[in-house]
Amino acid sequence: MTQTVLITGVSAGLGAAFAGHYLAEGADVLGCSRRRPEQFREAEGFHFEPIDLSDLDGITGGLSRLCAGVDRCDLVILNAGILSPFGDMREARLEECQHVLNVNLWANKVLLDWLLSQIPVVTQVVAISSGAGIHGNRGWNAYAISKAALNMLIRLYAAETPATHFTAVAPGPVETAMQEYLCQLPGEERFPTLASLKQRRHTDQMPRPEVLAPRLASLFTEARQRVPSGEFIDIRRLPW
Ligand SMILES: NC(=O)c1ccc[n+]([C@@H]2O[C@H](COP(=O)([O-])OP(=O)(O)OC[C@H]3O[C@@H](n4cnc5c(N)ncnc54)[C@H](OP(=O)(O)O)[C@@H]3O)[C@@H](O)[C@H]2O)c1
């Protein structure tokens, strides 16, 4: 049976790489982001709807168009995410923090509430998280908070939705626009993680998204068998 995979943040980075991977596997891919990924325009099985996840009230309208006629979703990848301007917590503007929380956290609640109530079978949900949500390293401010809260959101949905397998997965550093932003920031002693990211850039410790997506896809399959629903998994510290 053809697999159906829904991916948020499908226009670039990891989300575009997931779409390319699952399309090559013959899956139907339902994708959303603000920009349309032109490389999949002609791809058989690719369906796209522009959705701005910061507009919480606009999400369900877009989703109902994207999922028209869909009665089963094998995998939902909650991938879309944004960084907060890097810096200390006390320097972070509250409106910026709220914006990051809306996109990285609350948009996923809106998405899950719609999908779990409107699609009869949702087999697996993977939220793309980050080590930043665990470590509390200086400078990651609202982004770190959003990923810590995302991990808990996934745990809570898992507890109340036994028919669906949930995990939050940290992919480790990936060579995307996000790293382009982080690695061009001036090195500052107070933010040692930036220097560490710069060192890992252009090495196999920061793979390109096309390289990482197939590895993550097999991790997702394994996770369904090996990990209790609701868990956080870091690809760099697999429990198997
Ligand atoms: N790159 C890393 O090193 C790294 C490490 C750990 C975790 N992650 C996580 O991995 C995920 C993917 O990151 P990435 O590095 O691939 O980022 P990216 O290259 O910046 O891509 C982000 C994607 O999210 C979408 N997006 C952003 N804001 C959106 C909005 N308001 N509405 C709808 N879609 C929106 C973007 O599409 P549009 O701009 O077209 O809307 C784009 O498709 C994120 O959750 C990130 O936190 C990344």
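This is a predicted model: local features need pLDDT of at least 70, side-chain atom pairs count only at pLDDT 80 or more; totals for chains, interfaces and linings use all residues.
Ile-235 is in contact with Val-169, Ala-170, Pro-171, Gly-172, Leu-216 and Leu-219, leaving out residues up to four places away in sequence.

Now look back along the chain. Arg-215 is 20 residues away from Ile-235 in sequence, and their C-alpha atoms are separated by 9.1 Å.

Next, the core. The largest nonpolar core has 60 residues. Which members touch the most others? They are Ala-19, Val-76 and Ile-77. Helix H5, residues 141-160, supplies the largest share of this core, with nine residues.

Take Ala-19 on its own. Set aside residues up to four places away in sequence. Ala-19 then touches Ile-7, Val-10, Val-29, Gly-31, Pro-37, Phe-40 and Phe-46.

Now the helix pairs. I have three of them.

Pair one is H3 with H5. Their axes come within 9 Å and cross at roughly 15 degrees. Angles under 35 degrees count as roughly parallel. H3 and H5 are therefore roughly parallel to each other. H3 passes H5 in a right-handed crossing. Who makes the contact? From H3 we have Glu-96, Cys-97, Val-100, Leu-101, Asn-104, Leu-105, Asn-108, Lys-109 and Leu-112. From H5 we have Ala-142, Tyr-143, Ser-146, Lys-147, Ala-149, Leu-150, Leu-153 and Tyr-157. By class, the contact of H3 with H5 has eleven nonpolar, three polar and three charged residues.

Let me zoom in on one of those. Leu-105 lies in helix H3. Buried or exposed? Leu-105 is buried, because it has 20 other C-beta atoms within 10 Å, and the cut-off for buried is 20 or more. Leaving out residues up to four places away in sequence, Leu-105 touches Ser-146, Ala-149, Leu-150 and Leu-153. For a distance along the chain, take Gly-87. Leu-105 and Gly-87 are 18 residues apart in sequence, and their C-alpha atoms are separated by 20 Å.

Pair two is H2 with H3. H2 is residues 59-66, and H3 is residues 94-118. They pack at an angle of about 45 degrees, with their axes 10 Å apart. That angle makes H2 oblique to H3. The crossing of H2 past H3 is right-handed. On the H2 side, the meeting residues are Ile-59, Thr-60 and Leu-63. On the H3 side, they are Ala-107, Val-110, Leu-111 and Trp-114. The contact of H2 with H3 divides into six nonpolar residues, one polar and no charged.

H1 is residues 13-24. The axes of H1 and H8 come within 8 Å and cross at roughly 65 degrees. This crossing of H1 and H8 is right-handed. H1 brings Gly-13, Leu-14, Ala-17, Phe-18, Gly-20 and His-21 to the contact. H8 brings Pro-209, Glu-210, Ala-213, Pro-214 and Ala-217. By class, the contact of H1 with H8 has seven nonpolar, three polar and one charged residues.

Last stop: the loop between H7 and H8. Helix H7 covers 192-200, and helix H8 covers 209-226. I want two residues here.

The first stop is His-202, which is found in that loop. What is its phi? His-202 has a positive phi of about 60 degrees, although it is not a glycine. His-202 is also exposed, because it has 11 other C-beta atoms within 10 Å, and 12 or fewer counts as exposed.

The other stop is Pro-207, also placed in the loop between H7 and H8. Pro-207 is partly exposed, with 17 other C-beta atoms within 10 Å. What does Pro-207 touch? Not counting residues up to four places away in sequence, Pro-207 touches Val-174, Glu-175 and Leu-212. Compare that with Asn-102. Pro-207 and Asn-102 are 105 residues apart along the chain, and their C-alpha atoms are separated by 28 Å.

To recap the pairs: H3 and H5 are roughly parallel. H2 is oblique to H3. H1 and H8 cross at roughly 65 degrees. That is my tour.

Terms used:
Residues are numbered from 1 along each chain as its sequence is written. A nonpolar core is a set of buried Ala, Val, Leu, Ile, Met, Phe, Trp, Tyr and Cys residues joined through C-beta atoms within 7 Å. Helices (H or I, at least four residues) and strands (E, at least two) are DSSP runs, numbered from the N terminus. Two residues are in contact if their C-beta atoms, placed from the backbone, lie within 7 Å. Axes are lines fitted to C-alpha atoms, for helices over the stretch in contact, and angles run from 0 to 180 degrees between N-to-C directions. Angles under 35 degrees count as roughly parallel, over 145 as roughly antiparallel, 65 to 115 as roughly perpendicular and the rest as oblique. A crossing is left-handed if the near helix is turned anticlockwise from the far one by less than a right angle, and right-handed if clockwise. Ala, Val, Leu, Ile, Met, Phe, Trp, Tyr, Cys and Pro count as nonpolar, Asp, Glu, Lys and Arg as charged, and the others, Gly among them, as polar.
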